[in-house]
Amino acid sequence: MTGVPASAAGGPSGAQGARGTAAAADGVASEVSASASAPGAAVPGRSASGGESAADATAEGRPARGGKITAAAVNQASVWNVANLLTMLRLVLVPGFVALMLADGGYDPAWRSLAWAAFAIAMITDLFDGHLARTYNLVTDFGKIADPIADKAIMGAALICLSSLGDLPWWVTIVILGRELGITLMRFLVIRYGVIPASRGGKLKTLTQGVAVGMYVLALTGWLASLRFWVMAAAVVLTVATGLDYVRQAIVLRRQGIAERAAALEETEA
């Protein structure tokens, strides 16, 4: 015996092994071909949909083509989306509302009804644009800035018009607008420590303010005129109460942020 295997010496066993290897290779090729022709079948280097898989592209040191397109679509929300268009509509309605509110001296019931319609549309769109932006990933930098401006603009315009016409005391307008502007400024000041979320009380305040101002915009008489006084009184109470609660949250958030930064600094120095 020479110690060399028969397959290596080119003997019968080697020939049979070579033929078996070739047959196996043919079988694998046939299976790959069949799987490639089958609908929905996954082929190495391709996803089930026929595109290049992210794992294969990563293994070859290059990004997947479909992944780049998908990421671009997700990360680039167009400014011209439905949420921003609703915000723009509210901004456009502000001068239109003021013109309708002050038309013919500001006391004509027909013009006041049209002004109420513009105000109602603005309030309704305010309920939907933020929800749409968060639900369908339509949040943009424009929306973050324009949405609160549109909210304050339509409410401020209505309150100032009502007070200038003598329908609403100026102190009510000052309290509501002072609270809104003050809380907005406070949010910007403490944003480095965190975000103050809108509370249920804040949402109820917004709804009550909208109903109360809307009732004052309309030329109501009788018991409805008396009812709107109490609705506005509730709106003022909620405005003050929720404003104080937001101040409390801001103080707590700032203290927590300062404590966390101090603890992180100590760990870094240690």
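Contact here means heavy atoms within 4.5 Å. In this predicted model, residues 24 or more positions apart account for 66% of the protein's contacts with a separation of 6 or more. The protein has ten helices and zero strands, and 31% of its 270 residues count as buried. Its accessible surface comes to about 16,600 Å², with 68% of that belonging to carbon and sulfur atoms.

**Helix α5**

- Helix α5 covers residues 82-102, which makes 21 residues. From the first C-alpha of α5 to the last is 31 Å, close to the 30 Å expected at 1.5 Å a residue.
- The helix has a kink of about 30° at L93, shortly before the proline P95.
- At the N-terminal end, α5 is capped by N81, which places a side-chain oxygen 3.1 Å from the backbone nitrogen of A83.
- Ten positions form the buried set of α5, namely A83, N84, L86, T87, M88, R90, L93, V94, F97 and M101. These buried residues pack against α6 (109-135), α7 (141-164) and α9 (200-217).
- An α-helix has 3.6 residues a turn, so residues three or four places apart point the same way.
- T87, a residue of α5, has a relative accessible area of 3% and is therefore buried, the limit being under 20%. Leaving out residues up to four places away in sequence, T87 touches D129, A146, D147 and A150.

- D104 follows α5 and is found in the loop between α5 and α6. Its phi is near 55°, a positive value in a residue other than glycine.
- Helix α7 has 24 residues, which should span 34 Å at 1.5 Å a residue. The end C-alpha atoms of α7 are 35 Å apart, in agreement with that expectation.
- Just after α7, G166 also takes a positive phi, of about 85°.

**Nonpolar cores**

- In soluble globular proteins, nonpolar side chains tend to be buried together.
- The largest nonpolar core in this model has 30 residues. Those with the most contacts inside this core are F97, M101, F119, V213 and M232.
- Six helices each supply at least two residues of this core: α5, α6, α7, α8 (170-189), α9 and α10 (223-269). The largest share, seven residues, comes from α7.
- F119 touches F97, I154, M155, A158, G210, V213 and G214, when residues up to four places away in sequence are not counted.
- A second, separate core of seven residues includes I183, V190, I196 and A250.

**Q209 and its surroundings**

- Q209 lies in helix α9 and is buried, with a relative accessible area of 3%.
- The side chains of Q209 and E180 are joined by a polar contact of 3.5 Å.
- Apart from neighbours within four places in sequence, Q209 is in contact with M155, I176, E180, A235 and T239. M155 is also among the residues that F119 touches.

**Two positions in α10**

- V240 belongs to helix α10. Its relative accessibility is 40%, so V240 counts as partly exposed, a class that lies between the 20% and 50% limits.
- V240 and E180 are 60 residues apart in sequence, and their C-alpha atoms are 9.9 Å apart in space.
- R228 is also placed in helix α10. With a relative accessible area of 14%, R228 is buried.
- Between the C-alpha atoms of R228 and A212 the distance is 5.9 Å, although the two residues are 16 positions apart in sequence.
- R228 touches M215, Y216, L218 and L220, not counting residues up to four places away in sequence.

Technical notes: Residues are numbered from 1 along each chain as its sequence is written. This is a predicted model: local features need pLDDT of at least 70, side-chain atom pairs count only at pLDDT 80 or more; totals for chains, interfaces and linings use all residues. Side-chain values use heavy atoms; hydrogens and water are left out. Helices (H or I, at least four residues) and strands (E, at least two) are DSSP runs, numbered from the N terminus. Buried means under 20% relative accessible area, exposed over 50%, partly exposed in between (1.4 Å probe, protein chains only). Accessible areas come from the Shrake-Rupley method with a 1.4 Å probe; for residues, only the protein chains shown count as cover. The expected span of a helix is 1.5 Å times one less than its number of residues. The bend at a residue is the angle between axes fitted to the seven residues ending there and the seven starting there. A polar contact is a pair of N or O atoms within 3.5 Å; within protein, one must be able to donate a hydrogen and the other to accept it, and residues adjacent in sequence count only if both atoms are side-chain atoms. A nonpolar core is a set of buried Ala, Val, Leu, Ile, Met, Phe, Trp, Tyr and Cys residues joined through side-chain atoms within 4.5 Å.
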